[in-house]
Amino acid sequence: MADRRGVITVISGFSGTGKGTLMRELMSRYDNYTLSVSMTTREPRAGEVDGRDYFFTTDENFEKMVEEGKFIEHAGYCGHYYGTPRDFVYKRLDEGYDVLLEIEVQGALQVKEKCPDALLLFVTPPSAEELKKRLEGRGTEAPDVIKERLERAKEESKYIDRYDYLLINDDLDRCTEEMHSIIQAAHAAPGRNTELIKTIIDSLYTIH
Ligand code: ADP
Ligand code: 5GP
């Protein structure tokens with residue numbers, strides 16, 4: 001067990017905002033982060049590797065794992081299941097890593113309920129036009145899927161006020177550093193340091 005437990009950090013944002021790009025940037029700059037690899041029932045995109053980008057699986061296996069309580073959270077998104085495997089996340093937090101969960105809003109709210117000290121970050125693009133441009137520019141989804149994801153963005157926007165921070169991914173470098181600062185500051189949140197606070201308060205009553 002590390003001296004200091006890691007911060008469980010949820011990163012959500014409309015598809016195409018740049019969440020994956022930001023995560024990769026954070027991981028390449030700092031060594032305190034680890035990425036939770038989700039399980040999904042969607043098809044792999046060109047270049048995606050099983051076990052690195054996602055654990056790709058079938059509906060049947062996913063549903064079995066839900067029943068067995070293997071996920072911290074899970075949700076349906078545009079016709080597919082997505083979920084965060086539980087054991088890996090808790091192990092890495094105990095080892096002191098700050099664990100990044102790049103997940104959509106329904107899952108984010110489930111994490112907050114189960115882990116109240118989780119940090120919830122929502123990332124937006126600088127404009128809706130830029131979002132569409134990035135989604136199209138990525139070139140990984142067919143036009144009808146892009147349309148569906150833009151529709152989903154409207155739904156997701158309703159939950160932004162449930163998040164702790166809102167970040168704008170205009171300049172990648174600036175946004176990466178802002179995210180890093182927020183996560184590191186979260187280590188000092190009172191909710192994460194209840195044992196320390198309890199010890200200090202107890203001793204306040206014993207000194208004369
Ligand atoms: P998400 O994971 O949120 O769906 P991606 O990380 O796949 O989004 O990024 C979508 C596209 O936007 C990619 O082509 C990526 O290179 C580009 N992108 C990400 N961040 C920026 C940025 N700050 N400025 C310009 N383009 C960006
Ligand atoms: P994509 O298909 O573009 O990789 O992901 C679609 C959406 O699913 C994104 O908003 C992404 O953040 C979200 N997502 C990825 N993994 C998980 C997960 O484990 N749980 C939940 N709830 N959402 C996830």
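This is a predicted model: local features need pLDDT of at least 70, side-chain atom pairs count only at pLDDT 80 or more; totals for chains, interfaces and linings use all residues.

Colleague: What makes the overall size agree with that of a compact globule?

Modeller: The radius of gyration is taken over C-alpha atoms, and the globule rule is 2.2 Å times the number of residues to the power 0.38. For 208 residues a compact globule would have a value near 17 Å; the protein has 18 Å, and therefore the two agree. Along the principal axes, the C-alpha atoms fill a box of roughly 70 × 40 × 30 Å. The protein has 8 helices and 9 strands; these are DSSP runs numbered from the N terminus, with helices being H or I of at least four residues and strands E of at least two.

Colleague: Why is the pair of F14 and F122 called edge-to-face?

Modeller: Rings of Phe, Tyr and Trp (its six-membered ring) pair if their centres lie within 6.5 Å; planes under 30 degrees apart count as stacked, over 60 as edge-to-face and the rest as tilted. The ring centres of F14 and F122 are 5.4 Å apart and their planes stand at 70°, so the pair is edge-to-face. The two residues are 108 residues apart, with F14 in the loop between β1 (8-12) and α1 (19-29) and F122 in strand β8 (residues 119-124). By the ring rule there are 8 aromatic pairs.

Colleague: Which label does the pair of F62 and Y81 receive?

Modeller: F62 and Y81 are stacked, at 4.9 Å centre to centre with 10° between the planes. F62 belongs to helix α2 (residues 59-67) and Y81 to strand β6 (residues 80-85), so the pair ties together parts that are 19 residues apart in sequence. Another aromatic group is the cluster formed by Y54, F56, Y77 and Y82.

Colleague: How do you know whether F62 is buried or exposed?

Modeller: Buried means under 20% relative accessible area, exposed over 50%, and partly exposed in between, with a 1.4 Å probe and protein chains only. F62 has a value of 0% and is therefore buried, whereas Y81, at 27%, is partly exposed. Both F14 and F122 are buried. Across the protein, 41% of the 208 residues count as buried.

Colleague: Why is R92 said to lie over the face of Y97?

Modeller: A charge sits over a ring if NZ of Lys or CZ of Arg is within 6 Å of the ring centre and within 35 degrees of the ring normal. R92 lies over the face of Y97 at 4.3 Å from the ring centre.

Colleague: Which residues touch the most other members of the largest nonpolar core?

Modeller: A nonpolar core is a set of buried Ala, Val, Leu, Ile, Met, Phe, Trp, Tyr and Cys residues joined through side-chain atoms within 4.5 Å. In the largest core, of 19 residues, I8, V10, V89, L101 and V111 touch the most other members. At least two residues each come from β1, α3 (86-94), β7 (98-102), α4 (105-114) and β8. The largest share, 3 residues, is supplied by α4. A second, separate core of 16 residues includes M23, L119, L167 and M179.

Colleague: What is D98 in contact with, leaving aside its neighbours within four places in sequence?

Modeller: Contact means heavy atoms within 4.5 Å. The partners of D98 are G6, V7, N32, Y33, T34, I183, Q184 and H187, leaving aside neighbours within four places in sequence. D98 lies in strand β7 and, at 1% relative accessibility, counts as buried.

Technical notes:
Residues are numbered from 1 along each chain as its sequence is written. Chains are lettered from A and ligands numbered from 1 in the order in which they are written. Side-chain values use heavy atoms; hydrogens and water are left out.
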